[in-house]
Amino acid sequence: MNRLAPQKLIISLIALLLAAFVIAIISGPTSIPLSDLAALVSSSAASDNSQHTIIITQLRLPRALLAILVGAGLAVSGAAMQGLFRNPLADPSLVGVSSGAMVGASLMIVAGGSWLSSSSSLSLGTVAIGAFLGGVFAAILVYRLATSPNGTSVSTMLLAGIAITALAGALNHLLEFYTSNDMLRQISLWKMGGLDSANWVRVQVAAVVLIPVTILLCRYSKPLNALLLGESEARHLGISVERVKRQLIFLVALGVGTAVALTGLIAFVGLVIPHIVRLLIGPNHRYLLPASALAGAILLLLADAVARVVIAPTELPVGVVTSILGAPFFISLLRHRREYGME
Amino acid sequence: MSVLSIKQLSLSINGASLLDDINLEVASGEIVTILGPNGAGKTSLLKVITHELPASTGEVLLNGHTSQHWSQIEQAQMMGVLPQHSLLNFPFSAAEVVNLGRTPHDTGLSRDTEICQAALQAVDAEHLRDRAYTQLSGGEKQRVQLARVLAQIWEPSPSGERILILDEPTSSLDLAHQQQILATASDLAQQGCAVVIVLHDLNLAARFADKIFLLSCGHIAAQGTPEQVLQTAVIKKVFDVDVHIIQHPETGVPVVI
């Protein structure tokens, strides 16, 4: 096997995260010289109201922090789902969270659009709440469908997730079919995901939910490792399998529901980041979970920086960028998967 | 006192009776083999013993207590279970797989590493320690899984005597490794551990078991020492095959041909 030492990867990821954070702050339609950033940090009392200071404190800083929190939350949720389902291709959308959130958001855009002016922050807030409720509702529904008196069947849950996703997709298409062109564009932009709505309120919401969720999920390494052997084996190793499943699904629904509510559907991070990390350092969740969180934060920070720069002053949806950046890397890893012991 | 004691156990699922009136005792240091044709209820019996399926009637006692008495961790420290098939398809190294056996213990990294090393040696798999589990052959996987279960019950548990449960541990092993695995189980029994093995090979059972339970259609058709159970008429009745039974020239145990 050809693997990196996990501790080394985590240290490099921390360094990379700091670098990506600086890059995200200084790059954009207005690029800010490093010297200005250093000056701002050293004179911490933000007394001067130069244009650069405002750009940094009101736009880029909240946006970068939101990218870190959402990226970390999505990636660690994906890693936990892949472990729970014993399937390296599982991602948080499998439990219906993303598709449920999509319907919730569309409903709010369509229903809310008629009595709220479309661009006010209030309507963005209601879309977020709709997405969160829709996501959590779908996850509860999938979980209930898969739970019988004998416990929760992971394979039934996978199928129930597919069924609910299909149903949600149909509902969403129905809404799109009956809505106006203007709202249709709003819905499809929201579906592509973006961090352009970042502000300090959203950062606070994200911090309150996603920091605890990420830290708590990282503490499930022992049960997740045991679960990779199979559910009955994990039980024989003293793991309370049903309780662990319930807690993990709750945390993932909460984390992904919040992430989707704040930034829309950002594809790819939850699916591929854990997969890439696993190819690099192996499946031990003790390192896989924190390393995935770090790598997810880095990917979303950089993808958002690219989204702001490539066709400035217009922005690309960040979900498009995460896929374009990540997919080729993922494909090249797949082609070398034998070297990493994946077959 | 028996490590495992099963009293008047019956199990039925959706009205179908899978096990009926099973009584079985396994004492400390004893190796018990469960034999029987396909569908006789061997795997169901193991599932009840390991508390994966609840008994419909009767009781299953581990060190004198029902499963409600023991916490899941206590039970995991006393009972190691090797399933017939493994679902693991993530590329842990063999050493990492064995280390999962230490999940219910809090003995610290250095002691865990020592135990895992010793467990790998016991199944003749030290050379596999850094290989990816997913790239091992069927027999190698089975030995690594056995090492994991051995690591789980390597040291005596404070709660009670240990019990090792093996479901067809020899199914994908060559002759030398079959003998070696059962010899490892014998060593553990020497330390006082109770051992329950489901086997298909009557001769392996004859050679290593203290007691044999022969299952047929969910009930115990014969039980006792290998000499008592392995008799031409019994095997004809249960397996519906004609065999000859002779005595091994050196060990004196019955040999079925």
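Colleague: What makes H5(B) mostly covered?

Modeller: Of the 15 residues in H5(B), 13 are buried, where buried asks for 20 or more other C-beta atoms within 10 Å of the residue's own, 12 or fewer being exposed and anything in between partly exposed, with C-beta atoms placed from the backbone. Bear in mind this is a predicted model, where local features need pLDDT of at least 70, side-chain atom pairs count only at pLDDT 80 or more, and totals for chains, interfaces and linings use all residues. Residues are numbered from 1 along each chain as its sequence is written, and chains are lettered from A and ligands numbered from 1 in the order in which they are written.

Colleague: How do you know that the span of helix H5 of chain B agrees with its 15 residues?

Modeller: The expected span is 1.5 Å times one less than the number of residues. For residues 138-152 that gives 21 Å, and the end C-alpha atoms are 21 Å apart, so the two agree.

Colleague: What makes residues of chain B count as in contact with chain A?

Modeller: Their C-beta atoms, placed from the backbone, must lie within 7 Å. By that test 24 residues of chain B touch 21 of chain A. H2(B) gives the largest share of chain B's side, 4 residues. By class, that side has 12 nonpolar, 9 polar and 3 charged residues; Ala, Val, Leu, Ile, Met, Phe, Trp, Tyr, Cys and Pro are nonpolar, Asp, Glu, Lys and Arg charged, and the others, Gly among them, polar.

Colleague: And what share of chain A is buried?

Modeller: Buried residues are 49% of its 343.

Notes: Helices (H or I, at least four residues) and strands (E, at least two) are DSSP runs, numbered from the N terminus. Two residues are in contact if their C-beta atoms, placed from the backbone, lie within 7 Å.
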